[in-house]
Amino acid sequence: MNLHAIKAIYIFEMARTWRTLFQSIAGPVISTSLYFIVFGAAIGGRFAAVEGVSYGAFLVPGLVMMSVLTESVSNASFGIYMPRYSGTIYEVLSAPISAFETVIGYVGAAATKSIVLGTLILLTARLFVDFSIAHPVWMVAFLVLTSVTFSLLGFILGVWADGWEKLQIVPMLIVTPLAFLGGSFYSVSMLPPFWQNVTLFNPVVYLVSGFRWSFYGAADVPVALSLAMTALMLVICLAVVWWIFRTGYKLKN
Amino acid sequence: MQPIIEIRGLEKTYASGFQALKGVDLDIPRGEILALLGPNGAGKTTLISIVCGIVRATAGSVTVDGHDIVRDWRAARSLIGLVPQELTTEAFESVWATVSFSRGLFGKPPNPAVIERILKDLSLWEKRDTKVMALSGGMKRRVLIAKALSHEPRILFLDEPTAGVDVELRRGMWEMIGRLRESGVTIILTTHYIEEAEEMADSIGVISGGRIVLVEKKAALMEKLGKRLLTLNLQNPLEAIPAELAGYPLTLSEDGRELVYRFDNQQERTGIAGLLRKLGDHGITYTNLRTEESSLEEIFVSLVKERA
């Protein structure tokens, strides 16, 4: 195990985070605050309580999840696309470092950043609404699992993308819509029956539902199913990453 | 002594169908400087990239200090430092951070003293806190060398190290490469500048069309292939070469004032004494004479031409 290499990549990637602290942390925090002001404080007061919690509090887990998963994808994809674009990837490829170690370094840094971001959004939310966390350990578990899974997805995207456009297009056309329609703003039970069934094909629903359960003990889908779906996504992403390094896809000729 | 790198039957065909290497066998002697010469597209960079683990070989094997680059890749790669041809550098990192990163990547614990010595050797110490993108091209090249040296490799690959580097800096780089060699590092460099190979290399390998055409000690190569020329400046111009001298490979310059004699360095009897005697017999007098050796460049061009 080349621990020095993992550490080197991790520190190098985290340094990028500190350098771009404002855009990587302040941006999502500000936009989430805006959601709270608009949906929580302004409009939320007119809504009835959902699943026994006020609409403002109901929003918190969903909004955290939404930021965490979009930021995970964007951080991790940028982290690996950048050296591919500039050509500095040669160094990682020629180093005595395994695929597994490379992924720990890059994905670990991206996931760390997402976890920090999620925590900051939670703290910010506390300024706007009152909420409690029923199962803190599960809350952390869902946060970490989601950060890691979507950072892996971002890593895959960063390896696949051939240009800046492709790098943007997947988050814009797939991740963001799935996140919006993943039950961040509503409970699945509020949808007509047809759309309830359609929604069950959206993996984000399981994440948001499980995460919300860890706050309020109520969920759209059974929490075990949420956990299983998250784990399944993690396994799929790991398998793709394994395949990438096995075949050298877009990394080696 | 066992060669530090042994390459056997190495082939590479790219996905496009282009066959960059067509069965390369090469032994690289320990502690030497090997210059790999070849025209563009000869396969120099592909060869280096395979040894360093960036490109996968289609067939053949490579061992680095006895470690197979596929089975025992970790041990093999730890020994190698690579300076790529392109100026691929991080943009926003400081020189210090990017060089320290490389050391970690190759599995070495942090050692600020080593990094400091490398940066000082490469005249980058003053720039250690500067962002890489703010450096000139020559300095970026040196940052790449510093990165490659950061983990104290036993083997250093330099892919066109002095391309786009000014003459003064090139001299400095040659000196640095010489010092590295003295410390026992094996150096493989590819170059277009024959002068560079002639100046520094212990051995010369010529690669052309995906094959190694020749590998030889530089001195032996020059001896073996080097033709010498004897030029005589004549006191009185000649209209033609006298018939009595027809047996000698002579050429006469257009103005008839210079007589050039080609001879082979290898032969014991160069024929110079006999030629000069005959000239005296015919009353041809000369004011000056000089001999020259053909340069590596001429050797190289003739080799590559032969193959083409």
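1. The note begins with a pair of helices in chain A of this predicted model. Helix α6(A), residues 136-160, and α9(A) have axes that come within 8 Å and cross at roughly 155°. Angles over 145 degrees count as roughly antiparallel, and α6(A) and α9(A) are therefore described as roughly antiparallel to each other. Their crossing is left-handed. From α6(A), the residues A:W138, A:M139, A:F142 and A:T146 take part, and they meet A:L207, A:G210, A:F211, A:S214 and A:F215 of α9(A). Sorted by class, the contact of α6(A) with α9(A) holds 6 nonpolar and 3 polar residues, with no charged residues.

2. Helix α9(A) also meets α3(A). Helix α3(A) spans residues 55-86 and α9(A) spans residues 203-216; their axes come within 9 Å and cross at roughly 135°. The two helices, α3(A) and α9(A), are therefore oblique to each other. Here α3(A) passes α9(A) in a right-handed crossing. On the side of α3(A), the contact is made by A:V60, A:P61, A:G62, A:M65 and A:L69, while α9(A) contributes A:V204, A:L207, A:V208, A:F211, A:R212 and A:F215. The contact of α3(A) with α9(A) has 9 nonpolar residues, 1 polar residue and 1 charged residue.

3. Which residues of α9(A) meet α10(A)? They are A:P203, A:Y206, A:L207, A:S209, A:G210 and A:W213, and in α10(A) they meet A:V223, A:L225, A:S226, A:L227, A:M229, A:T230 and A:M233. The axes of α9(A) and helix α10(A), residues 223-247, come within 8 Å and cross at roughly 130°. The helices α9(A) and α10(A) are therefore oblique to each other, and α9(A) passes α10(A) in a left-handed crossing. The contact of α9(A) with α10(A) divides into 9 nonpolar and 4 polar residues, with no charged residues. A:L207 is listed in the contact of α9(A) with α3(A), in that with α6(A) and in that with α10(A).

4. The contact between the chains comes next. Chain A gives 22 residues to this contact and chain B gives 27 residues. On the side of chain A that touches chain B, α1 (3-19) and α4 (89-94) of chain A each supply at least two residues. The largest share of that side, 7 residues, comes from α1(A). By class, the residues of the side of chain A that touches chain B are 10 nonpolar, 8 polar and 4 charged.

5. Chain B is divided into domain 1 (5-223) and domain 2 (227-293). The C-alpha centres of these two domains of chain B lie 46 Å apart.

6. One open sheet of chain B consists of 4 strands in the order β2-β1-β4-β5, with antiparallel pairing. Its edge strands are β2 (19-28) and β5 (67-68) of chain B, and each pairs on one side only. Strand β1(B), residues 5-13, pairs with β2(B) in the antiparallel sense over 7 bridges. Within this pairing, B:I7 stands opposite B:L26 in β2(B).

7. Another open sheet of chain B has 6 strands, ordered β6-β7-β8-β3-β9-β10, and its pairing is mixed. At the edges stand β6 (80-83) and β10 of chain B, each with a single partner strand, so one side of each is left without a neighbour in the sheet. From one strand to the next, the twist averages 15°. Helix α1(B), residues 44-52, packs on this sheet and touches β3 (33-37), β6, β7 (155-159), β8 (186-191) and β9 of chain B. The direction of α1(B) makes about 150° with that of β7(B). Helix α5(B), residues 137-149, lies across β6 and β7 of chain B and runs at about 170° to β6(B).

8. How many bridges join β9(B) to β10(B)? There are 6 bridges between strand β9(B), residues 203-208, and strand β10(B), residues 211-217, and the two run antiparallel. Two pairs of facing residues may be named: B:I204 stands opposite B:E216 in β10(B), and B:S208 stands opposite B:R211 in β10(B). The hairpin of β9(B) and β10(B) has 2 residues between the strands, and in this hairpin B:G209 takes a positive phi near 60°.

Definitions and conventions. Residues numbered from 1 in each chain as written. Chains lettered and ligands numbered in written order. Predicted model: local features only at pLDDT ≥ 70, side-chain atom pairs only at ≥ 80, totals over all residues. Pairing = 2+ DSSP bridges. Contact = placed C-beta atoms within 7 Å. Nonpolar A, V, L, I, M, F, W, Y, C, P; charged D, E, K, R; others polar. Axes fitted to C-alpha atoms, helices over the stretch in contact; angles between N-to-C directions. Parallel < 35°, antiparallel > 145°, perpendicular 65-115°, else oblique. Left-handed = near helix turned anticlockwise from the far one by under 90°. Domains from an automatic or database assignment.
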